[in-house]
Amino acid sequence: MSSEGEKARTSGEVSRPEPALPTVNPAAEKSEPPKPTFHPAIYVSVWIALSSSVILFNKKILDNPQAPFRFPIFLTTWHLAFATLMTQILARTTTLLDGRKTVKMTGRVYLRAIVPIGLFFSLSLICGNVTYLYLSVAFIQMLKATTPVAVLLATWGMGMAPVNLKVLTNVAAIVIGVVIASIGELKFVLIGFLFQLGGIVFEATRLVMVQRLLSSAEYKMDPLVSLYYFAPVCAVMNGITALFIEAPNMTMNHIYSVGTWTLLANAVVAFLLNVSVVFLIGKTSSLVMTLCGVLKDILLVAASMMIWNTPVTATQFFGYSIALIGLVYYKLGGDKLKDYAGQANRAWAEYGATHPAQRKSIIIGAIVLMFFLLIGSMAPNYAPESMDRVKGMLGGASSGNA
């Protein structure tokens, strides 16, 4: 009897479940909430705005009749010195430059790889800024379309890839388009053209040397880490060059005429461009980046026409269009373009079905933009008196604002 009662008590104890405690996953408890990120369009828009602003800013400083400051080498030195200071500060106060900790940088590697690349970087920056003294922003952007061709030839010349005549044929359209645009240039200056050509060659050589350096996993660097290593040596090289070429003719009055705050803002915008590239990496596809680069160049041509009344002829429009089409085809390839074109047609048809009014507005806006670009290109030839009157009005407005 006692055993039966004990069994009953035991079974009773087992039948009563213990209150279950909530289980907590330590990993889940420690996990941080996802960091808010912006839409890729924000990153792309910021990059386009900063990239265009740097070019227009440099042109405004170096080619300003009201405040002459024809010292392009000093300007690049100032940019690089500011970048050196800012990368050192960011390396010590933020995590943006933590990528440098994985780079096995030694004194030997710095002298044999970083210094030569820095030399070509300096030369490309110097030539690029000197060009602003002689050529318009619109024509400079047209010439820059040949950079992929120069990179391809440099890749072959330095043995990074075998010569491929089929690829050379694909890029021929870029060269032909730029040649046609150059023939149509009304304010062609040979020395400016040669400086821009030299800048493209130096930049292409630098890019191939960087590609060779980054081919090793030990030296993978994002643009900001690259600037951390390259900016100091480039600042020294450009500074020495400016000391002998520009410093003898330069006074503090030249700096005051531009404005110290203007020069500071110019350096800040140039540095922010490098930061924006770091945030842009991985946010978009190669198609978006290629098309955004083309859009940026077109906007710069339009900005040059509006700000400086740059004459752009119909011949240049035709040649530049060929160059841009060739550029997109070379970067993306025929097969990808067919796929993207099919996707775009389907997306455009769906958008038109759901938003017919907005689609019609986009088409009308594009037609109006092309019309004004065409009229603006013909204005200097067919209505020079109107251009002078508009230029005088803009000059009076700008002086009034100042």
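**Chatting through a helical model**

Modeller: Before you ask, the protein chain in this predicted model exposes about 23200 Å², and carbon and sulfur atoms supply 68% of that area.

Biologist: Thanks! How many helices and strands does the protein chain have?

Modeller: There are 17 helices and 0 strands.

Biologist: And what share of the residues counts as buried?

Modeller: The chain has 402 residues, and 39% of them count as buried.

Biologist: What about contacts between residues at least 6 apart in sequence, how many of those join residues at least 24 apart?

Modeller: That would be 85% of them.

Biologist: Back to the surface. Which residues form a nonpolar patch there?

Modeller: Phe188, Leu190, Leu194, Leu197 and Val201 do, and together they have about 450 Å² of accessible area.

Biologist: Where does leucine 197 lie, then?

Modeller: Leucine 197 is in helix α9, which covers residues 190–214.

Biologist: Is leucine 197 partly exposed or buried?

Modeller: Partly exposed, because its relative accessible area is 41%, and buried would mean under 20%.

Biologist: New topic: aromatics. How many aromatic pairs does the structure hold?

Modeller: It holds 8 aromatic pairs. One of them joins phenylalanine 69 and phenylalanine 71 in an edge-to-face arrangement, with 5.3 Å centre to centre and 75° between the planes.

Biologist: Are phenylalanine 69 and phenylalanine 71 buried or exposed?

Modeller: Phenylalanine 69 is buried, with a relative accessible area of 0%. Phenylalanine 71 is buried as well, at 8%.

Biologist: Last topic, charges over rings. Where does the charged end of arginine 100 sit?

Modeller: Over the ring of tyrosine 228, 5.6 Å from the ring centre.

Biologist: And the charged end of arginine 206, which ring does that sit over?

Modeller: The ring of phenylalanine 121, and the charged end of arginine 206 is 4.6 Å from the centre of that ring.

Biologist: Great, I'll go and find those in the viewer!

Definitions and conventions:
Residues numbered from 1 in each chain as written. Predicted model: local features only at pLDDT ≥ 70, side-chain atom pairs only at ≥ 80, totals over all residues. Heavy atoms only, no water. Helix = DSSP H or I, 4+ residues; strand = E, 2+ residues; numbered from the N terminus. Buried < 20%, exposed > 50% of the residue type's maximum accessible area, 1.4 Å probe, protein only. Contact = heavy atoms within 4.5 Å. Areas by Shrake-Rupley, 256 points an atom, 1.4 Å probe, with all protein chains shown as cover. Patch = residues over 30% accessible without salt bridge, like charges linked within 9 Å, V, L, I, M, F, W, Y side chains within 5 Å. Salt bridge = Lys/Arg side-chain N within 4 Å of Asp/Glu carboxyl O. Phe/Tyr/Trp six-rings, centres within 6.5 Å; stacked < 30°, edge-to-face > 60°. Lys NZ or Arg CZ within 6 Å of the ring centre and 35° of its normal.
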